[in-house]
Structures are given as C-alpha cells and as structure tokens.
Amino acid sequence: MKVLPDELQSAGVSWKYYSAPNHWMNALQAIRHVRFGPEWQKVLDPANFLTDIKRRQLPAVSWLVPPESYNEHPGGPSVCLGENWTIQQLNGIMQSPYWSSTAVVIVWDDFGGFYDHVPPPHFDIMGLGPRMPALVISPWTKPGSNPNGGSIDHTTYEFSSVLRFIEDLHHLPAMTQRDAQASPLAGAFDFTQPPNLSKLVLPEQNCSTFH
C-alpha cells in the first residue's frame with residue numbers, strides 16, 4: 001500500500017511521523033514496507049517533536065499524534081490534558097524560527113458520537129461522515145473579524161484535503177482519485193497577503209477544575 005511518506009521520500013522531501021511506535025494509534029506500523037523497512041527510522045515518539053524544534057531538526061512535513069493519555073476522548077480528564085498537550089506543541093512552533101513558514105492542521109479522527117443535522121456528501125462508494133472540527137493555524141491563514149484574527153471557513157473538506165495540500169505544496173501527484181478531487185484547504189489560506197508573524201503564547205487550562 002503506497003502512502004504519502006513514500007512519495008515524499010522519492011521526491012527528496014524530509015518527513016517524520018511522531019507517534020508512539022508499536023502502539024495502536026500509530027497508522028504507519030500497519031504498512032508492512034514502512035514498519036519493516038528503512039522508513040521506520042523516521043517514525044519517532046511524539047516526545048521528540050519539541051526536541052527537534054529546539055535542535056532545528058524539524059522536517060518539511062510532520063505528523064504528530066498525541067500519546068494515548070492526551071488523546072482527548074470524552075468522559076475523563078484526557079480532554080483537558082490533551083488540550084494542554086496540544087497547546088504546548090503549538091507554543092513550541094510559534095515561538096520558533098519555523099513559525100514564518102509553517103501551516104498546522106489539527107484534526108480529530110472521529111466526531112465523538114454527537115448528532116449532526118447536515119447530511120454528508122456522498123460522492124463515491126465511501127462518502128463522507130458526520131462533520132468534525134479542523135483548525136488551520138498559520139501566519140498565512142485568511143484574517144477574519146474574530147478578535148483573535150481568526151475566521152471560519154465554510155469550504156467542504158475531508159481528511160484527503162490535508163493530503164492534497166501537502167501534495168500541491170511539494171509538487172507531488174495525487175495518489176488516488178479521492179485526494180485528486182479534494183480541496184487543498186483552498187479557502188483557509190491567502191498567500192498573496194503579508195504573513196502575520198505575531199508569536200502568541202497560548203494559555204493552558206487548569207485541569208483540576210475538570211471532573
């Protein structure tokens with residue numbers, strides 16, 4: 001099964017997949033030629049992400065999967081702890097020299113089981129599922145009227161939109177019809193504007209108030 005790291009590797013684009021090795025949330029361990037090949041050296045524990053930022057060793061493309069205790073599943077303190085973990089990673093990026101050329105896309109792997117009144121598009125045999133949030137954070141996102149400078153993008157995206165964005169950014173061909181037809185996060189960015197290089201320090205939540 002061909003995966004995007006294969007395409008990046010062939011094109012000479014650096015990448016790392018920060019996810020706990022030998023854990024069920026690590027998708028690349030399910031790809032035989034990655035798990036038992038030289039690419040597995042680029043699959044690292046997520047604790048290495050901030051270290052690589054400090055050492056100026058961040059690759060051009062990164063995947064970052066939180067440890068299980070920070071995965072934000074509802075019903076426990078992991079929601080607050082997971083939010084704080086994400087804030088720590090974002091602060092590390094925004095306070096680094098990488099910020100001026102970085103786009104962060106935060107997505108969740110499911111919708112949490114909550115009701116969605118909007119029928120999902122069904123443009124192939126798989127179709128899409130209930131909507132879920134996505135955050136696009138970058139100096140190059142479109143400004144909005146929000147006091148923090150953010151805006152709401154009403155474009156229909158899917159997980160393959162992130163794939164398509166990376167492919168377009170690094171001039172890679174689409175791997176399937178699904179990512180070929182996905183919007184490459186086109187409504188989120190404006191590369192004609194000067195980047196907003198403000199370096200924020202996001203506050204963490206007090207998790208002791210969560211029960």
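These are my notebook entries on a predicted model.

**Ground rules**

I number residues from 1 along each chain as its sequence is written. In this predicted model, local features need pLDDT of at least 70, side-chain atom pairs count only at pLDDT 80 or more, totals for chains, interfaces and linings use all residues, and side-chain values use heavy atoms, with hydrogens and water left out.

**Entry: the disulfide**

I looked for disulfides (a pair of cysteine sulfur atoms within 2.5 Å). The structure holds one. Its partners are Cys 80 and Cys 207, with sulfur atoms 2.1 Å apart. I noted that the pair links distant parts of the chain, 127 residues apart. Cys 80 sits in helix α4 (residues 78–94), while Cys 207 is in the segment after α6 (177–181). Helices (H or I, at least four residues) and strands (E, at least two) are DSSP runs, numbered from the N terminus. I also checked the handedness: the torsion about the S-S bond of Cys 80 and Cys 207 is about -90°, so the disulfide is left-handed. Cys 80 and Cys 207 are both buried. Buried means under 20% relative accessible area, exposed over 50%, and partly exposed in between (1.4 Å probe, protein chains only). A disulfide is a covalent bond between the sulfur atoms of two cysteines.

**Entry: helix α4**

I stayed with the helix that holds Cys 80. I compared its length with the expected span, which is 1.5 Å times one less than the number of residues. For the 17 residues of α4 this gives 24 Å, and the end C-alpha atoms are 24 Å apart, which agrees.

How many of the 17 residues of α4 are buried? I found twelve, so α4 is largely enclosed by the rest of the structure. Among them are Cys 80, Trp 85, Ile 87, Leu 90 and Met 94. The buried residues of α4 pack against α3 (48–54), β3 (61–64), β4 and β5 (134–137).

I then picked out Gln 89, which is found in α4. Its relative accessibility is 6%, so Gln 89 counts as buried. Leaving out residues up to four places away in sequence, Gln 89 touches Phe 49, Leu 50 and Leu 64. Contact means heavy atoms within 4.5 Å.

**Entry: Thr 102**

Next I went to the loop between α4 and β4 (104–107), where Thr 102 lies. Is Thr 102 buried or exposed? Thr 102 is buried, with a relative accessible area of 15%. Apart from neighbours within four places in sequence, Thr 102 is in contact with Ile 93, Ile 137, Ser 138 and Pro 139. I noted that Ile 93 is one of the buried residues of α4. I also took a C-alpha distance: Thr 102 and Val 118 are 16 residues apart along the chain and separated by 32 Å.

**Entry: helix α1**

I turned to helix α1 (residues 4–11), where Leu 4, Pro 5, Asp 6, Glu 7 and Leu 8 are buried. Their cover includes β1 (15–18), α2 (32–35), β3 and α5 (159–169). Just after α1, Gly 12 takes a positive phi of about 75°.

Arg 56 is not a glycine, yet has a positive phi of about 60°. I placed Arg 56 in the loop between α3 and β3. Arg 56 is exposed, with a relative accessible area of 57%.

His 171 is not a glycine either, and has a positive phi of about 55°. His 171 is found in the loop between α5 and α6. With a relative accessible area of 74%, His 171 is exposed.
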